[in-house]
Amino acid sequence: MLYSNYYTASRLFHGSFSFIMGTQLDALLVGEEKDRLEHTWQNIIKELQRLDKLMNRFDTESEISRINECAQTSPVPVSGEMWNILRECYHYFLLTKGYFDITLSDFRRVEWDTEEQRIFFTTPGLQLDLGGYGKGYALKQIERIVKQQGIEKALINFGNSSVLGVGTHPHGEYWPVGIENPYTKELLVTIPLCNNSLSTSGNTPVHPEHIRNPFNGEYIKDRKLVSVVSENPVEAEVLTTAFMIMPEDEIDGLTQYFDMNEKHIYIL
């Protein structure tokens, strides 16, 4: 479902897109030119629909689904964009010592044919899942669209778990984004976003076990919440997934490899 409205008095455009990339996206765009804001919103919608067709493994017509189906038996050619995405995910797999793994088992079981730009799964049953990467990548693309249109203030919110703040709130020095305890609804912290992004991962009463440890295949059962702030929304997304899984005494040693502004880890 799509919704949008422009509030003239506050110079604020609100667009909402339900059921895209597994969640809902809300965009607040600030400016006096309604037509330009509407045009920007339409471009955001088109980009989200394109990315969903690229990365949604539950869509049988998406590129990632085609790879998952065909790479079991023979090398599969992939698009230039998908090749770059998968190579970046493998880079993060190495940096996080395997805690971020889009195969959820062992990324080293993916064989790369760099000359023909093809991939092959060396283990039967292997699957690629970009759920812990896709929203961060989408936020990066949306940020590019917003800035290309000359919009200096915007807040993009993917289901309260992946949030991008462009510029400042129209009546403040930043966009304040609150993080709640999902079990008690208590406010844990307010994050000031200004030209950076926030990603939050954790177990909730509705989804108590949805993040899986790639080393043993078991779901993380801890009542735990992790938030990361970074200028790179992809890295924020990657780190929250890795931090949910890895032992706490290994986390500080990992952060030196990433451009991270701050992190928050709560045992609830």
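Reader: Is Lys-185 buried or exposed?

Author: The model discussed here is predicted. Lys-185 lies in the loop between β9 (175–180) and β10 (187–193). Its relative accessible area is 56%, and the cut-off for this class is over 50%. Lys-185 is therefore exposed.

Reader: Where is Asn-160 found, and is it buried or exposed?

Author: Asn-160, also not a glycine, has a positive phi of about 65°. Asn-160 belongs to the loop between β7 (154–158) and β8 (162–166). With a relative accessibility of 61%, Asn-160 counts as exposed.

Reader: Which residue joins its side chain to that of Thr-240 in a polar contact?

Author: Thr-240 sits in helix α5 (residues 233–245) and is buried, at a relative accessible area of 0%. Leaving aside residues up to four places away in sequence, Thr-240 touches Ser-199, Thr-200, Ser-201, Val-226, Ser-227 and Val-228. The polar contact between side chains spans 3.2 Å, and the partner of Thr-240 is Ser-199.

Reader: How are helices α1 and α3 oriented at their crossing, and which residues of α3 make the contact?

Author: The axes of α1 (residues 34–55) and α3 (residues 80–95) come within 11 Å and cross at roughly 70°. The angle falls in the range 65 to 115, so α1 is roughly perpendicular to α3. The crossing is right-handed. From α1 the contact involves Arg-50, Leu-51, Leu-54 and Met-55, and from α3 Glu-81, Met-82 and Ile-85.

Methods:
Residues are numbered from 1 along each chain as its sequence is written. This is a predicted model: local features need pLDDT of at least 70, side-chain atom pairs count only at pLDDT 80 or more; totals for chains, interfaces and linings use all residues. Side-chain values use heavy atoms; hydrogens and water are left out. Helices (H or I, at least four residues) and strands (E, at least two) are DSSP runs, numbered from the N terminus. Buried means under 20% relative accessible area, exposed over 50%, partly exposed in between (1.4 Å probe, protein chains only). A polar contact is a pair of N or O atoms within 3.5 Å; within protein, one must be able to donate a hydrogen and the other to accept it, and residues adjacent in sequence count only if both atoms are side-chain atoms. Contact means heavy atoms within 4.5 Å. Axes are lines fitted to C-alpha atoms, for helices over the stretch in contact, and angles run from 0 to 180 degrees between N-to-C directions. Angles under 35 degrees count as roughly parallel, over 145 as roughly antiparallel, 65 to 115 as roughly perpendicular and the rest as oblique. A crossing is left-handed if the near helix is turned anticlockwise from the far one by less than a right angle, and right-handed if clockwise.
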